[in-house]
Amino acid sequence: MGEWREVERRVREWLAAGSVHQAVTETLRNHGPELFGFLRGVLGSDADADEVFSEVSERVCRHLAEFRWQCSLRTWLYVIARNEAGRYAAGARRRNEGRVTPGALEEVIAAVRTASRSG
């Protein structure tokens with residue numbers, strides 16, 4: 001717990017000094033691995049976690065300077081990660097709605113292979 005408070009202290013110092021880039025770097029370097037692990041667990045794949053972590057990082061870059069410290073930095077980051085994961089999952093559901101998966105076509109694929117071999 002003390003480790004997170006120390007990170008917050010450094011991030012606050014960088015922000016107070018006007019070094020947003022350093023504050024973002026400090027934030028992502030220290031919290032990034034944990035957030036990525038969370039995203040991988042929620043989304044079930046490294047590729048999806050990569051994509052969503054990229055979005056999380058962009059949000060942090062755009063909004064860290066405006067963060068009002070009404071909660072811990074870590075809590076704020078998890079809220080962003082959870083929201084981005086939800087957006088990503090909802091988008092994936094919309095993109096895949098009505099699509100036929102290769103698994104659903106196994107019988108047809110097998111029949112085509114059999115017909116092409118015998119013909």
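The bend at a residue is the angle between two fitted axes, one through the seven residues ending there and one through the seven starting there.

What you see is a predicted model, in which local features need pLDDT of at least 70, side-chain atom pairs count only at pLDDT 80 or more, and totals for chains, interfaces and linings use all residues. Residues are numbered from 1 along each chain as its sequence is written, and side-chain values use heavy atoms, with hydrogens and water left out.

The protein chain has five helices and zero strands; helices are DSSP runs of H or I with at least four residues, strands runs of E with at least two, numbered from the N terminus. Of its 119 residues, 29% count as buried, meaning under 20% relative accessible area with a 1.4 Å probe, protein chains only.

Now helix 2, residues 20–43. Helix 2 bends by about 55° at Gly32, and Pro33 follows within four residues. Its end C-alpha atoms are only 30 Å apart, against the 34 Å that a straight helix of 24 residues would reach; that expected span is 1.5 Å times one less than the number of residues. Gly32 is also among the buried residues of helix 2, as are Leu35 and Phe36. Just after the helix, Gly44 takes a positive phi of about 85°.

What is the angle between helix 2 and helix 3? About 145°, with the axes 9 Å apart; axes are lines fitted to C-alpha atoms over the stretch in contact, and angles run from 0 to 180 degrees between N-to-C directions. On the helix 2 side, the contact (heavy atoms within 4.5 Å) includes Gly32, Leu35 and Phe36.

Technical notes: Buried < 20%, exposed > 50% of the residue type's maximum accessible area, 1.4 Å probe, protein only.
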